Amino acid sequence: MMKKKLAVISTACLLILASDPLPSYATPDSSSDVLDQPTSVTNEDVKAIFDSLYQEGYSLGEEDGYAEKKFEQFDQTTGLDKSSEEFTWFMMGYTVGYKKGQQQKEEELKTEQENEMAAGEEEGYQQGVLDYKHATIQSEIDPFPSKSSDWNKGYVQGYKKAISLMDLSVKAKKEGYDQGLENDSMSVPSMYDDEDVTRQAFTEGFETAQAEVLEQQKKQFEKQGYVQGYHDLSLEVPAEAEGELQTAFEQGYEKGQKQKQKDVKADGYDSAFTYQTYRAPKSLQDKPQLEKWYKAGFYSNKDVKSLQQKAYKDGWKLGKEMSVPKKYKQNKAAVAMYKKYFEQGQKKQDKTVSHILLGSGIVLTLVALITLWRLRRRKNEETTLDS
């Protein structure tokens with residue numbers, strides 16, 4: 001078979017050399033005597049023959065060029081039915097077609113290689129990001145036997161690119177954070193702006209810092225509003241407090257007002273333990289709203305009478321030690337009232353005991369001893385309450 005192909009090729013080359021070559025792929029004109037046609041043959045006829053032979057050669061050449069096998073489509077009869085001029089036109093088409101087939105094959109191989117590398121690079125990049133996040137970075141990357149060399153090459157490139165970009169993104173996030181603490185507007189440096197991951201890291205750092213700054217400002221304005229509200233001042237939002245900062249200030253003001261109301265009511269409640277009847281403090285006489293809360297607290301105290309009675313009964317009982325109910329131990333006004341009525345009960349007890357003892361003819365010395373004992377007990381109770 002090879003000998004036959006060599007013979008065909010030799011014949012083709014001899015025929016081409018024996019003919020008068022045309023200018024590069026030019027269409028023959030009417031002066032050509034290749035076909036020895038009668039004078040009735042027109043230029044259009046010659047051009048049609050040229051195009052037909054050229055296209056025939058081009059098709060065969062394109063197939064052979066794609067397969068990278070010259071004259072694969074030739075056989076023993078190729079060119080025998082053509083004149084030398086006709087064969088020249090045929091070979092002109094074959095040569096161009098062969099180069100076209102080669103080029104197509106090369107482009108397909110190149111595209112396939114690029115696709116393989118791209119696929120490997122994408123997978124390598126994703127794995128690199130995961131390994132970076134889990135602190136399992138591979139210093140040496142073993143090839144994948146089931147994948148092509150181009151795929152493995154792309155995988156290594158993608159993996160290394162991911163590690164490099166992740167390192168850079170950490171730096172970008174830190175710089176973005178620092179910028180966010182100092183400035184209200186973001187400006188991404190060019191070294192981070194070219195890649196999505198670094199630009200996103202810088203932006204994330206900036207936005208995190210901005211959120212922290214805003215949160216700190218909100219706390220400050222809320223505190224200012226609280227102080228203003230607690231002191232029962234009229235609401236005056238600072239000019240620089242806008243948007244969320246204004247909302248924070250107003251919320252603080254409302255909290256301050258509520259706490260003030262709570263505290264004033266508590267003062268009024270406590271005052272009920274001290275005074276039998278309601279009396280408005282001088283400090284509130286020109287503050288009707290606060291005085292209203294104070295008065296509401298005073299009248300909300302329904303425990304005064306029951307605590308008085310208990311304290312008096314505890315003091316009247318012989319041998320009973322002063323013991324303020326747990327509910328009132330942290331309330332100084334309640335403790336003071338309990339002590340007052342407890343002592344009143346004790347005085348009543350002393351008088352009652354004295355009358356009984358005198359009526360029974362018991363020596364007054366015994367009364368003195370009892371009184372001394374009671375004084376010592378009171379002293380111990382007072383020490384206990386103070387502690």
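A crossing is left-handed if the near helix is turned anticlockwise from the far one by less than a right angle, and right-handed if clockwise. Helices (H or I, at least four residues) and strands (E, at least two) are DSSP runs, numbered from the N terminus.

This is a predicted model: local features need pLDDT of at least 70, side-chain atom pairs count only at pLDDT 80 or more, and totals for chains, interfaces and linings use all residues. Residues are numbered from 1 along each chain as its sequence is written, and side-chain values use heavy atoms, with hydrogens and water left out.

**Exercise 1. State how many helices and strands the chain has.**

Solution. 
- Count the elements: 11 helices and zero strands.
- Write them in sequence order: α-α-α-α-α-α-α-α-α-α-α.

**Exercise 2. Describe how H3 and H4 cross.**

Solution. 
- Two packed helices are described by the angle between their axes and the distance between the axes.
- Axes are lines fitted to C-alpha atoms, for helices over the stretch in contact, and angles run from 0 to 180 degrees between N-to-C directions.
- Read the values. H3 spans residues 84-133 and H4 residues 149-182; their axes come within 6 Å and cross at roughly 40 degrees.
- Classify. Angles under 35 degrees count as roughly parallel, over 145 as roughly antiparallel, 65 to 115 as roughly perpendicular and the rest as oblique. H3 and H4 are therefore oblique to each other.
- H3 passes H4 in a right-handed crossing.
- Sort the contact residues of H3 with H4: 13 are nonpolar, eight polar and nine charged. Here Ala, Val, Leu, Ile, Met, Phe, Trp, Tyr, Cys and Pro count as nonpolar, Asp, Glu, Lys and Arg as charged, and the others, Gly among them, as polar.

**Exercise 3. Place Glu122 in the fold and find its side-chain polar contact.**

Solution. 
- Glu122 is in helix H3.
- Its relative accessibility is 46%, so Glu122 counts as partly exposed.
- Tyr155 is 33 residues away in sequence, yet its C-alpha is 7.1 Å from that of Glu122.
- The side chain of Glu122 makes a polar contact with the side chain of Gln126 at 2.9 Å. Such a contact is a pair of N or O atoms within 3.5 Å; within protein, one must be able to donate a hydrogen and the other to accept it, and residues adjacent in sequence count only if both atoms are side-chain atoms.

**Exercise 4. Classify the crossing of H4 and H6.**

Solution. 
- The axes of H4 and H6 come within 7 Å and cross at roughly 30 degrees.
- That makes H4 roughly parallel to H6.
- The crossing of H4 and H6 is right-handed.
- The contact includes Leu165, Met166 and Tyr177 of H4, and Val197, Phe202 and Phe206 of H6.
- By class, the contact of H4 with H6 has 12 nonpolar, eight polar and four charged residues.

**Exercise 5. Is Pro325 buried or exposed?**

Solution. 
- Pro325 lies in the loop between H9 (304-316) and H10 (332-359).
- Its relative accessibility is 19%, so Pro325 counts as buried.
- Leaving out residues up to four places away in sequence, Pro325 touches Leu307, Lys310 and Tyr338.
- Leu307 is 18 residues from Pro325 along the chain, with 8.7 Å between the C-alpha atoms.

Note on methods
Buried means under 20% relative accessible area, exposed over 50%, partly exposed in between (1.4 Å probe, protein chains only). Contact means heavy atoms within 4.5 Å.
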